[in-house]
Amino acid sequence: MFAAGHTPVFADVDLKNLAMAEDEILSHITEKTRAVFLTHVLGFNGLSESLIQELERRGVPLIEDVCESHGAALHGRKCGTLGLASNFSFYYAHHMSTIEGGVICTNDDKFYQYCRLYRSHGMIRESTDEALKNEAVEKYPELRPEFLFLVPGYNMRSTEINAVIGLNQLKRLDRNNQRRAENFRLFLDNLDREKYFTDFQQEGAVNYAFVILLRTPDPERFQRLTDALRAEGVEFRRGTAGGGNLARQPFVRERMPGFDPATLKTADFIHSYGLYTGNYPDLDKQKILGLCDLLNNI
């Protein structure tokens, strides 16, 4: 957003799915709003039918970040197909991997054509829209069509090897996601609800991580929690993916010094008292139960 010259407007999140809360989103929309960028966090679906309909009514485009939620769904409709555009990550820790990289999805032809330009140095030859090509060539006759840079761009093209790896992993995605969902239900069913938040929205979720979030603020308990996990060799990340409350990160604070991250109260609570650890398809059920025992006994 900063790179595109936009000013981000932050909205607090909903505990049940860790995504921006619907009422928070709608309360922040003004005549200056150009789009809503919503992240489906850690395998959860972050959308509702009412939010989608309201954004459509107001004429506000929806952009979905599905990097962590390949296969998540809203009433059977896959996340990433519900807005103007979406992005998926194939980073090695996510649901499927090409080692690095990702994809952008859209059914808007103009958006698609410009994505083709931006991924390859901004060259007009990357477009498959002949009218767009011809217009650019006619407008800049002094430039060679094969090296006509219509927009500032990047080199973000994948490779054949990445594609082969990704296409083969795609075949196993649904089966693996089913196992992840079963693992997550087993984890929540055996976690102490008095100590930990377990009221997560499970319908349509495909969590690749177990979210461990204290039910109430307790710095001493959280310290014992992290100490116990380290002692048992359980790898984890504090907050949620992306470093917790992003408004506390330097890239935001240095550009928006007047914004107080503490105003995002729910995000800040997760930042301070939450963490997650991996949930993969071949994870042994006894290990899940053992993790629950470890957590419950703290």
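This section describes salt bridges in a predicted model. Local features require pLDDT of at least 70, side-chain atom pairs count only at pLDDT 80 or more, and totals for chains, interfaces and linings use all residues. Residues are numbered from 1 along each chain as its sequence is written, and side-chain values use heavy atoms, with hydrogens and water left out.

Side chains of opposite charge can pair when their charged atoms come close. The structure contains 10 salt bridges (a side-chain nitrogen of Lys or Arg within 4 Å of a carboxyl oxygen of Asp or Glu). One of them joins Lys16 to Asp14, with an N to O distance of 2.5 Å. Lys16 is partly exposed at 33% relative accessible area. Asp14 is also partly exposed, at 22%. Accessibility classes are buried under 20% relative accessible area, exposed over 50% and partly exposed in between (1.4 Å probe, protein chains only).

A further bridge connects Lys133 and Glu130 at 3.9 Å, N to O. Both residues lie in helix α4 (residues 130-139), 3 residues apart, so about one helical turn separates them. Helices (H or I, at least four residues) and strands (E, at least two) are DSSP runs, numbered from the N terminus. Glu130 is partly exposed, with 47% relative accessibility.

Arg179 and Asp282 form a salt bridge at 3.7 Å, N to O. This pair links distant parts of the chain, 103 residues apart. Arg179 belongs to helix α6 (residues 173-189), while Asp282 sits in the loop between β9 (274-278) and α10 (285-296). Arg179 is partly exposed at 32% relative accessible area, whereas Asp282 is exposed at 63%.

Salt bridges also link Glu54, Arg57 and Arg58 in a network.
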